[in-house]
Amino acid sequence: MSAIDLAHHIHPFCDMKDMARHGTQIMARGEGIWIFDSQGNPYMDAFAGLWCVNIGYGRKEIGEAVMRQMNELPYYNTFFGTSTQPATLLAQKVTSYTQGLMSHVFFTSSGSEATDTWFRLARIYWKVLGQPSKKQVIARRNAYHGSTVAGASLGGMKHMHEQGDLPIEGIHHIGQPYWYADGGDLTPAEFGLKMARELEAKIDELGEENVAAFVGEPIQGAGGVIIPPDTYWPEIERICRARNILLIADEVVCGFGRLGSWFGHQHFGFKPDMASIAKGLSSGYLPIGGVLISEKVAAVLAEAGDINHGYTYSGHPVCATAALENLRIVEEEGLVERVRDDIGPYLAQSLKTLEDHEVVGQVESVGLLGAVQLAKDKSTRQRFKDPDRAGRVVRGFCYDHQLIMRATADRMLISPALIISREEVDGLVQYIRHGLDHLREQHL
Ligand code: PLP
């Protein structure tokens, strides 16, 4: 299988030469938070696939619901005024979690398509309102909003921009609220305000009459689980309102319970005009995403005439069925409340014990999204000379010991399924500690 894969399959985000040296690892089966490779080796997946398998692997109910829908109606589109029962019921269901904020949803197959969707809708919105010059969009450095051309442009990843002459025109980036790295002598609260005010300065530079929107992940995921200080989002929201630009939340990672709330913006207490969703919407069982749209924006879009945007698989009935069944499980098992009141605080308290380790500068988490910041000298917040290497050492050690974690530079990222047990959290933290011991022994 590995040889066939190497011969024919180009992988996302992968150095193919490097992969050829190690061979492809074929994953074969999953159960709860555990994934098994084709040799039968178990791995604790502390990353829920790619931040998505929120209900855990191996839920037969989803397969059964999907099979029934497959046999009834495997496909019909939602173009030109048709829908299917699963797509319509899912639209009602996802908007019901928004506390009355979002009345509508536009379906896509992925988070990247969701990004492209709100990007176009934001420009249509201002055009309908007679302000077509409001086109520029402001995002953040080190953000991740997907891999399509607009998604990779809005994302603030240098290594992505370098491939393909990105960003495209009309996209600008400001700094990220990463206190540990950039906060200097400021308190986190002061630093949160400072970083939010970069948005105001950027709007001044571009001219308010030219800016359509600002986008941010409530907590930056792939950028390193950057948890903003409490002062950050209220100030961003104030600026967006004062300067009359749309506020977009990218909820692809934070949505559907990961932070112990249905959406990340609810946790931080701000009200976006649109929000992209994917991943936890179906727990990754089938590909589906979307853009949640507030009544304010939906009312304007209703005046746009034809909206010339859509995907063959927008609202795909089988994917929508998987999402409905996933959300039924999330509700029935009270997973959002479990993360907020029980397993989230338990993870936080367990992870905090790692702060006594010599190579740990800080540990942070909200719900089941966490990061362990590595440090060369914790007393001065000094980082390793080669932060990427430090992260790779810990990640590699953990992987060799059958724990799947991710690293963004020198931050170890944790994002397990929402059904992880307390015993599994104990095991996870113990494994991470071994990885940290190993890093200390490397004398980097
Ligand atoms: N937005 C965020 C915050 C993400 O983390 C991701 C993927 O990781 C995306 C958008 C893109 O989603 P997809 O990979 O489904 O296109």
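**A walk through the fold**

Val225 is buried, since 26 other C-beta atoms lie within 10 Å of its own. (Buried takes 20 or more such atoms within 10 Å, exposed 12 or fewer, and partly exposed falls in between, with C-beta atoms placed from the backbone.) Phi of Val225 is near 45°, a positive value in a residue other than glycine. You'll find Val225 in the loop between strand S7 (211-216) and helix H11 (232-242). Helices (H or I, at least four residues) and strands (E, at least two) are DSSP runs, numbered from the N terminus.

Some housekeeping before we go on. This is a predicted model, in which local features need pLDDT of at least 70 and side-chain atom pairs count only at pLDDT 80 or more, while totals for chains, interfaces and linings use all residues. Residues are numbered from 1 along each chain as its sequence is written.

Ala48 also has a positive phi, near 50°, in a residue other than glycine. Ala48 sits in helix H3, and it counts as buried because it has 28 C-beta neighbours inside 10 Å. For another backbone detail, look at the peptide bond from Leu166 to Pro167: it is cis, with omega near 0°. Pro167 belongs to the loop between helix H8 (158-161) and strand S6 (171-174).

Now step back to the domains. The protein splits into domain 1 (1-58 + 334-442) and domain 2 (62-333), with bounds that come from an automatic or database domain assignment. Their centres, taken over C-alpha atoms, are 25 Å apart. Where they meet, 29 residues of domain 1 are in contact with 25 residues of domain 2, contact being C-beta atoms, placed from the backbone, within 7 Å. On the domain 1 side, the elements giving two or more residues are helix H3 (48-51), helix H15 (335-352), strand S11 (360-366), strand S12 (369-374) and strand S15 (411-414). H15 gives the most, with 5 residues. By class, that side of domain 1 has 14 nonpolar, 11 polar and 4 charged residues. (Ala, Val, Leu, Ile, Met, Phe, Trp, Tyr, Cys and Pro count as nonpolar, Asp, Glu, Lys and Arg as charged, and the others, Gly among them, as polar.)

Next up, helix H4 (residues 60-72). Its 13 residues should span 18 Å at 1.5 Å a residue, and the end C-alpha atoms are 19 Å apart, which agrees; the expected span is 1.5 Å times one less than the number of residues. The buried residues of H4 are Ile62, Ala65, Val66 and Gln69. They cover an arc of only 100° around the axis, so they fall on the same side of H4; the arc is that of the directions from the helix axis to the C-beta atoms. The face turned away from the buried side of H4 carries the exposed Lys60, Glu64, Met67, Arg68 and Asn71. The buried residues of H4 pack against helix H5 (85-96) and helix H14 (317-332).

Finally, the ligand. Of the 16 residues around it, Ser110, Gly111, Ser112, Gly146 and Val252 come nearest; a residue is near a molecule or strand if its C-beta atom, placed from the backbone, lies within 6 Å of it. Helix H6 (residues 111-128) gives the most to this shell, with 3 residues. The shell divides into 6 nonpolar, 8 polar and 2 charged residues.

How values were computed
Contact = placed C-beta atoms within 7 Å.
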